[in-house]
Structures are given as C-alpha cells and as structure tokens.
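Dear colleague,

Please find the structure below, together with its sequence.

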Amino acid sequence: MLEYRVEIALWAISGIIPFFMLNIWTNNNLNESINISDTLLSRYFLSAFFVRQFSVVWVVFSFEEDSIMGKVSPYLIQPLNPFFRYFAQHLAEQITRFPFALIIAFFFFIFNPESIWIPNLGILLLSIVSTFLSFLIQFLIQSVVACLCFWTEKASSIERLLFIPTLFLSGLLAPVVSFPSYVKSWIYLTPFPYLIDFPANLLSGNETNISGGLIMQILWIFILFPLFKKIWSEGTKKYTAMGS
Amino acid sequence: MNLRKYLKVYKKFLHTSLASELEYKTNILVDLITAILSLVGSIFLLSIFFQNSGYIGGWKFEEALIIQAIYTILNGITNTWFNPNLTEIVKHIREGTLDFVLLKPIDSQFFISLKKINPSGFLEIMLGFLLLFFSIRINQINLNFSFLTLSLITISCSICILYSLWFFISTTTIWFVKTWNAIEVLRSFLYIGRFPLNSFSFSLRIFFSIFIPIAFITTIPSEVFLGLSALWKILLEVIVATVFLITSRKFWLFAIKFYSSASS
C-alpha cells in the first residue's frame, strides 16, 4: 500500500466535498435555522470527512474486475472466503490513509482555529467503534451487490445506483437534523443515517442518541450478514468462470 | 478530404461502441434510474438549503434550478463521451496499447477522445434539457435570437473547458501511470458546479475561478439564461475555453514524447 502514496493522498483529497458543503452552510447562515452553531457545524463536517475516509468501500469494483478477468476461480479453491482478502485490503488502505487525513484536518484547523476540540477518550473510542460498524455495514451491502456479478457482469452500475441515496441521505452533504420532517420520519429506519451522520455527530459532540444508534448499526449488520452468506452460497453454485 | 475522413471514422466509432454498449441493456436502465435519482437528490439538497432562506448567494430557488439543469446536461455529456474515453487512456498506457493508437494514420487525440460512447449518458442529457425547459418556463425567460446564440456560445465553451480538464488529467497518466484517483479529485471538484458560485466564501470563489475554472462551467451560462451576465464575462469565458483547448492539445503532444510503452 505504501507504494501508492500519491494515489492515497489524492483519494483523501477527493473526500473534501463535506468542506465545500460547510462553506455553503456557514457562508449563507443557513445553520441558524437548524440551531447548530458555526463551530459545532464545522466540527460535524470535519467528523463527517473522517468517518467517510475510514468507511469508504470499493469491494464491488475489485470483485467485478477479478470476476471478469477470471481471477475468482483460483480464489474459490482456497479454503478462505475471497471477501476476507478484500476486507484485509480495505483495512490496510484505511491505515495508510490516516496520516493524510490528519494533514487535511491540520489545514482545516489552521483556517478554522475556533473549531479545535478534543473529544474525551470514551467518546473517541465509541466513535471509532461506530465508524468501524458503519464500514462493516457498507462492506456487507457492497458485498451483496458484488455477488450479483455471478448473475450479471456489470454489478458496478447497481452500486452506482445505491451510491446516490448513500450520498444524499447519509449526512455527508447536510446533517440529517436539517432534513425536512417528511424525510426524518422514516429515514432513521434505513441504514443511511448510521453510515455518516451518527458517527460524525458522536465524534463532533453534537446531540445524538448513542445507544439507539449503536443498536441500529448492529441490527443492520445482523440483517445483512446472513443475506450476504445466502447470496454468496447461491452465487457460487451458479458461478461459471469467464472465458472457459 | 481530411474532414470527411474524420467524419467517416467517427461514424464507425459510433457504430462499434453503440453495438457493444447495447449488449448490456439492463445496465442502461439502471443508469437511467441512477440519473433520475441523482437529480432528485440534488434538488432535495437544494430544497434543504432554501427551506429557511429565500436566497443563496443572491439566487432564488427557481434560478438555482437552471444551474442544476446545466450541470445535469454537462454531466450527461461527461458520462457519454469524456468519462468512457478518457479513462481508457489510463488503460492504454498501463497495458502499453497506446502504441497501436499512435501508429494509426489518424490524429491520436481524436482517436483517444472519441473512440467510445456510453448511450446511457444521453438520457441524462435529456433529463437536463427537460429541467432546463421547465426552469425557463417558471422563470419566465423570453427566448429570442441573441439570447439563444449567447447561451449556445457559453455552453459550448463550458463543454470545451470540461473536456480540456478531463483530457489534461488523463494525459498525466503518461508520467504517473495510475490516475484514477486524480480523476476522482476532479469529479469531486466538479461537484461544486451544482451550486451558484456566489454561495461560496470569497477565497473559494477565487480558487474556483482561477485554479479550476468551475465557475465558468455552470454559473456563467446560467447567468446568461437569466440575462444577468455582463459581456466581459462571456468574452472571458471564450478566452478561457480557447486557452484551455490549446494548452491541452500542446500538453498532449508534449506528453507523448515521454511515452515509453509498457514492458518493452
């Protein structure tokens, strides 16, 4: 992973959309209407950036490429589910991304010195846990989509479709509290607010229901994991290697 | 005739790539739903911004819809032509197949920029036009000849700038080999084009008009639609577009001198 430092740095930069959104919010004083101060909002978006950096998943794209190139066949012979391989790759890249994310945070604090804060240890640990759970949820969702490769060659277009609600409903572009009430009434039942909004609120010290959020995250993992196992076993039965 | 030859070649390109893309019919349907959802999502985001304030950066909601429409059209164009072709450059360079492109008796930039086409982008372009006509209606814009010419000029300039940006980043692959992530960076910056430039703070505004001219891409054409744009801005956009096109061409010719094939 360290071989690709430039790419990982660029990847970290490509996650800065939350900062542009923050700029729109504060520059137009839109946050007054949702009762979040400038400082808390900037902490929220910085936390959203961090959560996003450590929960990004691209397993569909790796799996699709491997599947089209016929690399999945040797993996299937091995006694280990190939998704463990992707899982380890994701974790390794997250670790390499950490210093770049810190550098970006450093620059953020230079421009917004008033938003510097140090979360207490308990909160910090809890938000790391919830970020990891958010990563697990996204990894499972994408693995389910990736298994669709067994039926259709281009599963990545389904992933791009799923990415749209993730982008707009997860809280990356606007905190979920600011959503109109006709959306807020059902959104907390979907997995989306627990992907970014919940861990980011936790880390930034905004108001949130800690135990409720964690329970919902774990609940979604318990729903998605059997689903993944099911679709995986169905898919491997169906599998015919490419080019054979 | 040179031009006739290129037209003929382009017809062949269209034919082959349409034929191969239409093999994945469900894919096109999924892409259509994606385009619709993404438009709905960004209008939803705009409505959040406007729910407690009448103006964002001096733009009303109805006016901001024009920016959204132009962004959707340009994004459709990107998805139809720029994205499938220019990501191909990365592949050509990594696998060394750029050799075959350079050997062909045709301009390499032409070949590389227009070889492929992704038909699902057309649907996005159409969606953008629908929204554009709708917002022309609700903003009560009078269509007349000078307005139409000006908007055509500015939109074509935006397309040129957008193309040059994409082409420029893809060309750097010759040195860096892997530029997927640079393309991601460009994508995330272009995302800003969904919002009026004035809604950002002064420093970001400067950044987005000088370093990465995203301001020129959507805001100026939208201002033309609203009849707000000063003549100097339009002239400036034409100049920027020309400069970008020429530089990207020069940069390509410069870069292929450094191309040293793969594994040979």
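**Findings for chain B**

Within chain B, the mean confidence is lowest in helix H8 (residues 173-176), at 78, and highest in helix H6 (residues 120-138), at 91. The score is pLDDT, the predictor's confidence in each residue, from 0 to 100, and helices (H or I, at least four residues) and strands (E, at least two) are DSSP runs, numbered from the N terminus. This is a predicted model, in which local features need pLDDT of at least 70 and side-chain atom pairs count only at pLDDT 80 or more, while totals for chains, interfaces and linings use all residues. Residues are numbered from 1 along each chain as its sequence is written, with chains lettered from A and ligands numbered from 1 in the order in which they are written.

The average pLDDT of chain B is 85, and 97% of the residues score at least 70. For the complex, the predictor gives an ipTM of 0.84 and a pTM of 0.88.

Chain B contains 12 helices and zero strands. Its C-alpha trace spans about 60 × 40 × 40 Å along the principal axes. Of its 264 residues, 40% are buried (20 or more other C-beta atoms within 10 Å of the residue's own, with C-beta atoms placed from the backbone).

Chain B contributes 33 residues to the contact and chain A contributes 29 residues; two residues are in contact if their C-beta atoms, placed from the backbone, lie within 7 Å. On the side of chain B that touches chain A, H2(B) gives the most, with 13 residues.

Yours sincerely

Conventions: Buried ≥ 20, exposed ≤ 12 C-beta atoms within 10 Å, placed from the backbone.
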